[in-house]
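Here is a quick briefing to read alongside the sequence and the model. Take a look first, then work through the topics below.

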4 protein chains.
Amino acid sequence: MSVQEILNQIHTSISARSDRGEVATYIPELASVDPGHFGLAVALADGKHYTVGDAEIPFSIQSISKVFTLALALGMVGDKLWERVGREPSGNAFNSILQLEREQGIPRNPFINPGAIVVTDVILASSSPAETLAELVNFIRYAADDGNIYINEAVALSEKTTGHRNFALAHFLRSFNNLTHEPELTLGTYFHQCAIEMSCRQLALAGRFLINAPGVPQLISPDRVRRINALMITCGHYDASGDFAYKVGLPGKSGVGGGILVIVPGKAAIAVWSPGLTAQGNSLLGTEAVQALAQRMDWSVFG
Amino acid sequence: MSVQEILNQIHTSISARSDRGEVATYIPELASVDPGHFGLAVALADGKHYTVGDAEIPFSIQSISKVFTLALALGMVGDKLWERVGREPSGNAFNSILQLEREQGIPRNPFINPGAIVVTDVILASSSPAETLAELVNFIRYAADDGNIYINEAVALSEKTTGHRNFALAHFLRSFNNLTHEPELTLGTYFHQCAIEMSCRQLALAGRFLINAPGVPQLISPDRVRRINALMITCGHYDASGDFAYKVGLPGKSGVGGGILVIVPGKAAIAVWSPGLTAQGNSLLGTEAVQALAQRMDWSVFG
Amino acid sequence: MSVQEILNQIHTSISARSDRGEVATYIPELASVDPGHFGLAVALADGKHYTVGDAEIPFSIQSISKVFTLALALGMVGDKLWERVGREPSGNAFNSILQLEREQGIPRNPFINPGAIVVTDVILASSSPAETLAELVNFIRYAADDGNIYINEAVALSEKTTGHRNFALAHFLRSFNNLTHEPELTLGTYFHQCAIEMSCRQLALAGRFLINAPGVPQLISPDRVRRINALMITCGHYDASGDFAYKVGLPGKSGVGGGILVIVPGKAAIAVWSPGLTAQGNSLLGTEAVQALAQRMDWSVFG
Amino acid sequence: MSVQEILNQIHTSISARSDRGEVATYIPELASVDPGHFGLAVALADGKHYTVGDAEIPFSIQSISKVFTLALALGMVGDKLWERVGREPSGNAFNSILQLEREQGIPRNPFINPGAIVVTDVILASSSPAETLAELVNFIRYAADDGNIYINEAVALSEKTTGHRNFALAHFLRSFNNLTHEPELTLGTYFHQCAIEMSCRQLALAGRFLINAPGVPQLISPDRVRRINALMITCGHYDASGDFAYKVGLPGKSGVGGGILVIVPGKAAIAVWSPGLTAQGNSLLGTEAVQALAQRMDWSVFG
């Protein structure tokens, strides 16, 4: 059966599902998204790609942006990044602050909120937020080979107005001297990076730089690709990372907009979107779709 | 360069190292092990194998036994196991009890101590400890194709006398009705499973059942092999699992005896032994040796 | 109005109450106690005393025993006790183990379970459990001037069979070298001390040694009396100690048998019994009765 | 011996002490205070008062202000306050945020930072910060019968610039909807209240409204006086409250400026100042001076 046929079958099966999880409500602009959306895209190493469902509708990538900022930060400061953020799964919710207190202001990994805020603080360096965001968006456009990728200002603003938990994290980091800019500045950048919108097709294509195969865009070294994949498999789904690795067997990064970027090392990048979330903040049907796809394609990093 | 030559080079480099970590002292019988030992073995899918250093000296496999008991438990009760234990990294020390309180007696994963105690409780089922241990040892002997594998009673006894932390965990589990046998019975079995002794060569050969490749001993289904590998990569090195995945890029399980079993899906199983440990309880030089080997062989699950 | 009349009014008011909390079920022998019981007794410094309701029925004093063992332990080792146990409110449940991990085996105070287990370990010293318990019971009999006070063996046994949480605490303490005897030995003594039975009248009379006034039994120095009262007001009601101090304004110690001993420094000792408990493990109606009594008598340590 | 003679003796003894603790450094303006200062004042119910040492030098009262704001808040909203803040000792540091996460945004008591921030949020109600602060200062001036009490703007500003931990707490409270104003507004008020300066003499006189005796300023009801005293004894010294109650036996509230206000119910109010702090953030010599004074005067709420 062809990839397209498998995608079609998964789409049919998912479309029939009534239990779709809950759309994130804590960012007002996202709360109004139709939970009925579902899109799926697969991009192979050579750029060939397949889509099904709402794969052309841009959605808020939210925390998936953390994969791109991590790549940028590692490019800028290399392993010095790990003096300010750890590489361990957190064992706590994505926005938990208690672990940060216990570990003296060093976030456990770059994918939970406090860690991602530190990463954004790193890429801000001496650039302005506008310059930094431009560089980030250009990086993503180049990876996706698609200039039609933008930040949704309304979503960024919505998050700024309601993001008290993130402000708490940023001030807390600052109290431990693990934030070099004013919280407002770093968070302003952070909220904008999260508000980048991409379609499943664009995201799958952009994800190819993490495949490690001939023919993909060479944006970072193969060694670094492996390491970002390692972080994705151990920490990419917050406190459900172990479960995702267990069920899907592939590195992935989810966002509360309902998207997931999944890498099949050496072979493909997958992007899925379904706005309803599990209690842990990951796309409910998105996870199931990727699990089905991995099984049908016999894709797993575990042999 | 041949596998053997690479092993030799790693051995030479490691032998010169003076910083070797600390031998675990909390099990008196293990405290007297010579920290100068170093062994390394690689078994390919077809059974061909290569060794260097102290690869024939049996050492206490300790927590590496948890991989074998997990395989047995999944074989006995399947996914019902997950009603009693989770699949998430813990974000805490291997013998931490506080998370167990917060999560109402459900250990986070089968590789931290409380989770492994529950797994042992599962395989005890209606058998006696002696029968259960016989079955476990036979499973390992069959996997290694080597009948010369035994439990060190002195180590088991030593652990029983001093294992107050594990007794605390077992009673705590029991207070949440997540232990079906008396703590003494389950722990007696648990201490014996940890006291199994194997050489690097034996361990690498036994690990082949987790490779998922033609020619390896088919002890469990390919699907289950993948899933055990997933648990190893997210939870196999306690609160340094993320770091191991980041540096080595392969699923592994460590023990406080200084051994590590590492799987290269589709290709090989690696066993290393160096008794000195890091603060997180993993073999210091063992980790470095495996990292070097993976790099030299270009082995990584991440492409 | 006389003390007796006030007691009668409180009895009438309490008897009419339908919401009586939940009888502790985790000790099977206690689960069968009739929740309708209610007794109240007041003993003045000079030994004059007043009772109402079920004030002559012996009940299981449980954690109230910790006041007496603390007095004994301070008499034996003085301030050296504070090397093994703290003097701070815990901010956690009475049987919580997580704080014990964070604070390296030093319980926060002598009234939460782990702290009380350490205190019992101290008074065991070189005596046998039987001798130690005899000394404790004699101390209480002398304080109450009443030889008719006994340990209920069935309750002690019931607790031993089901006390997995306490076994976990004891082994945990032992793993930090903060238990000098085998857990079984210390806990055997601890379960028996908790199983002492006294009536409200006996308990109020026994409590007089903590009043600090002329005419009361002089069992410990006035300074030590004050200090035990200080511990009772800050730590005597587990994680509801602040609330009790706020509402009642007097030092007290509760037990899961539904009893509370309250001290009015310089004036009186109060004992109340109603088996139904709040979520924090304190007698629901007992607290209310004492609050009413304190208000009516204008008794408060706060002026 | 007269009160004055006792004060003189304590002053002599304290002056000779070389170990004086560490002056708080996290508020830059306070870091430069001379650690050699020591002042002590006692005000009796009738207004008679005695002083020794630097009892006329104004110091930053910091958290002692929380006693006055609590009195105001209870006057404004009564027991409704307890819907937004608890009454239990915290078992954690004064600026800890982890407990706030675990307890869903309800601070444990009004004397730890998050609780005090909520109290300030309550008294802000519909007034402006300036009006609220004027009311607070007037309350204190009235209680002290001394118009010469002011806010140190430089200290308030210093705290605002460096108070990232408090900003984190405020945003965190806001994320749980337990802050009705913008964090900047409530914290602006909070930093100013902490920057009130008083001398020991002024503070002891102001503290008389908590004595509950004829002749003292009747600012709040006797019942409320008792309850504030109860909160002071269980929560007034952060995570050393139990220790203070044990050693001193009186309700007190400390501030990181090195001051402590202590109440002897029915008799007196004590104010002490020595800028060097213990690890828990309480005045080292201040605590010892009060302990000595209480012992010499035989003052204790425990008989």
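Start with Gln62(A), which sits in the loop between strand E4 and helix H3 (65-77) of chain A; helices (H or I, at least four residues) and strands (E, at least two) are DSSP runs, numbered from the N terminus. Keep in mind that this is a predicted model, where local features need pLDDT of at least 70, side-chain atom pairs count only at pLDDT 80 or more, and totals for chains, interfaces and linings use all residues. Residues are numbered from 1 along each chain as its sequence is written, while chains are lettered from A and ligands numbered from 1 in the order in which they are written.

- Gln62(A) isn't a glycine, yet its phi is positive, at about 50 degrees.
- Gln62(A) is also buried, as 24 other C-beta atoms lie within 10 Å (buried takes 20 or more other C-beta atoms within 10 Å of a residue's own, exposed 12 or fewer, partly exposed is in between, and C-beta atoms are placed from the backbone).
- Over in chain B, Asn212(B) is another non-glycine with a positive phi, this one about 60 degrees.
- Asn212(B) belongs to the loop that links helix H10 (200-206) and helix H11 (222-235) of chain B, and it is buried, with 23 other C-beta atoms within 10 Å.

**A three-stranded sheet in chain A**

- Strand E4 of chain A is part of an open sheet of three strands, ordered E4-E6-E5, with antiparallel pairing (strands pair if DSSP finds at least two bridges between them).
- The edges are strand E4 (59-60) and strand E5 (150-151) of chain A, each pairing on one side only.
- E4(A) is joined by two bridges to strand E6 (residues 196-198) of chain A, and Phe59(A) faces Met198(A) across that pairing.

**A strand with two partners in chain C**

- Most of strand E2 (residues 39-44) of chain C is covered, with five of its six residues buried.
- One partner is strand E3 (residues 49-53) of chain C, paired with E2(C) in the antiparallel sense over five bridges; here Gly39(C) stands opposite Gly53(C).
- The hairpin of E2(C) and E3(C) has four residues between the strands, and Gly47(C) in that hairpin has a positive phi near 100 degrees.
- Another partner is strand E9 (residues 268-273) of chain C, antiparallel to E2(C) over six bridges, where Ala43(C) is opposite Ala269(C).

**How chains A and B are related**

**Two domains in chain A**

- Chain A splits into domain 1 (3-59 + 199-297) and domain 2 (63-196), with bounds from an automatic or database domain assignment.
- Taken over C-alpha atoms, the centres of these two domains of chain A are 21 Å apart.
- Their contact takes 29 residues from domain 1 of chain A and 31 residues from domain 2 of chain A (contact means C-beta atoms, placed from the backbone, within 7 Å).
- On the side of domain 1 of chain A that touches domain 2 of chain A, H11(A) gives the largest share, six residues.

Notes. Contact = placed C-beta atoms within 7 Å.
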